[in-house]
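Thank you all for coming.

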Amino acid sequence: MLLVIAWRNIWRNKRRTLITSGSVFFAIILAVIMRSSTDGAYEGMINNVVSFSSGYIQLHKKGYWEEHSIENALKIDNGFFNKLELQKGIAYSTPRLESFALASANAKTKGLAFIGIDPEKEMVAAKIHEKVKQGTYFKNENDNGFVIGQGVAEYFKVGAGDSLVFISQGYHASSAAAIFPVRGIVFLGSPQLNNSLVYLTLENSRRFLSADSLCTSVSIYLNDINALENIANDLRNVYSSDLIEVMTWKEMMPEVDQFIVADRSGHFIVIGILYLVISFGLYGTVLMMTYERRHEFGILVSIGMKKIKLMWLVFFETLFVTFFGAILGMMSSFLLILYFHYNPIEFTGQLKEVYQDFGMDAILSFSIDPSIFYYQAFTVFLLALVVSIYPSLKILIECPLIYLIFKPKLQLVY
């Protein structure tokens, strides 16, 4: 009954209800869009970094991460990957053989990092084939060519079909020297990777380094990024006796994680200010509503309505006005975000260069993580709860006084 009365009461003054709900409506849209765009940018940054290097979780031999030496390479077999396939939450895994080499061409020399990859698996993991700007991707796993970053190609002034000479140290300090043709040139989101990274097929890199059946790490990609820590802990339990170290991207790249945490804190402050403005708008409306209806509250108490029920009635009214705007705002923002999630905004000009300098694709993508919407609903509920304290206190304090004023008149009427 109280819910029905509360719903009817808020429409006694339609203009006030619509203005209050409208302020909540637009604030919800702004807050959701801001949170979704920032989370989408962070997801894009993380994906760019982990796709081309470490993966969300990396398995490697203990001691490898400190030294990055090929002497700490893993010897993997079918049993190794069978254990991974039993783990829930893992989308796919791919072995990699990483090392460094001195490259030379056109009287120029430069130290480069190269990664031996499984061409077929990397088409799903890093999607390197989609980044090829010139030439082609690897034809098969035995392809003896390599794919280089655009920055490397510009430094050596080479293109698809040209060759580079590589000199490195192989497994067990063996000599490694070879000449490889350039199959393709890729543009990677991170400038650091773009200017220093070279891809070979896993089999070709093993022949080059005399490291048969070895890989330095196994990169793991997840179905749900939010399950990162749980899956990492499960893998630590599985491989605890195999001298294998399990590290998440946060442990391998703490500077990226710290940047995201610091930047996200700033956005939370802005959203907090936005909700503070909503709070004052709601408070002003409730203040006006309480002042206009104080005689009504007094009469209701005088004729026998319990103050606790009256307090609940006012609370439900505040809740309805708030959630009416909040639900419409979340529905509208979801449709808007869903569109831009599948049709991200592409930047051009100087803004594009700024994004690339930070290692991100020059697009504004939006996250559709459900927690973004749940957070807004929970926040609005808290605001309604806090704002409803004022009329509740007024009912407890002033209604007895109003009751004394109206009681003699009510007795005369009876």
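Predicted model: local features only at pLDDT ≥ 70, side-chain atom pairs only at ≥ 80, totals over all residues.

Let me start with helix α13, which covers residues 307-342, and helix α15, which covers residues 370-387; the two pack at an angle of about 160°, and their axes are 10 Å apart. Angles over 145 degrees count as roughly antiparallel, and α13 and α15 are therefore roughly antiparallel to each other. Their crossing is right-handed. On the α13 side the contact includes Phe 315, Leu 319, Phe 323 and Met 330, and on the α15 side the residues they meet include Phe 373, Ala 377, Val 380 and Phe 381. Sorted by class, this contact of α13 with α15 holds 14 nonpolar residues and three polar ones, with no charged residues.

Now bring in helix α2, residues 14-51, which packs against α15 at an angle of about 145°, again with the axes 10 Å apart. The crossing of α2 and α15 is right-handed. Here Ile 28, Ala 31, Val 32, Arg 35, Ser 36 and Asp 39 from α2 meet Ile 372, Phe 373, Tyr 375, Gln 376 and Val 380 from α15. In the contact of α2 with α15 we find seven nonpolar, two polar and two charged residues.

What about α2 and α13? Their axes come within 7 Å and cross at roughly 35°, and this crossing is right-handed. Among the α2 residues in the contact are Thr 17, Val 24, Ile 28 and Val 32, while the α13 residues include Val 321, Gly 325, Gly 329 and Ile 337. By class, the contact of α2 with α13 has 14 nonpolar, nine polar and no charged residues.

Which residues have the most contacts inside the largest nonpolar core? They are Ile 28, Tyr 275, Ile 278 and Leu 310, in a core of 33 residues. At least two residues of this core come from each of α2, α11, α12, α13 and α15, and α13 supplies the largest share, ten residues. A second, separate core has 31 residues, including Leu 74, Ile 76, Phe 80 and Tyr 239. To return to Ile 278, if we leave aside residues up to four places away in sequence, it touches Val 24, Ala 27 and Leu 383.

Next, please find Ile 10, which has its place in helix α1, residues 2-10. Is Ile 10 buried or exposed? Its relative accessible area is 6%, and a residue under 20% counts as buried, so Ile 10 is buried. Not counting residues up to four places away in sequence, Ile 10 touches Thr 17, Glu 317, Phe 320 and Val 321.

Finally, two residues in loops. Most residues other than glycine have a negative phi. Asn 106, however, has a positive phi near 55°, and its place is in the loop between β3 and β4. With a relative accessible area of 53%, Asn 106 is exposed. Ser 210 also has a positive phi, of about 55°, although it is not a glycine; this residue lies in the loop between α8 and β10. Its relative accessibility is 41%, and Ser 210 counts as partly exposed.

Key:
Residues numbered from 1 in each chain as written. Heavy atoms only, no water. Axes fitted to C-alpha atoms, helices over the stretch in contact; angles between N-to-C directions. Helix = DSSP H or I, 4+ residues; strand = E, 2+ residues; numbered from the N terminus. Parallel < 35°, antiparallel > 145°, perpendicular 65-115°, else oblique. Left-handed = near helix turned anticlockwise from the far one by under 90°. Contact = heavy atoms within 4.5 Å. Nonpolar A, V, L, I, M, F, W, Y, C, P; charged D, E, K, R; others polar. Buried < 20%, exposed > 50% of the residue type's maximum accessible area, 1.4 Å probe, protein only. Core = buried A, V, L, I, M, F, W, Y, C linked by side-chain atoms within 4.5 Å.
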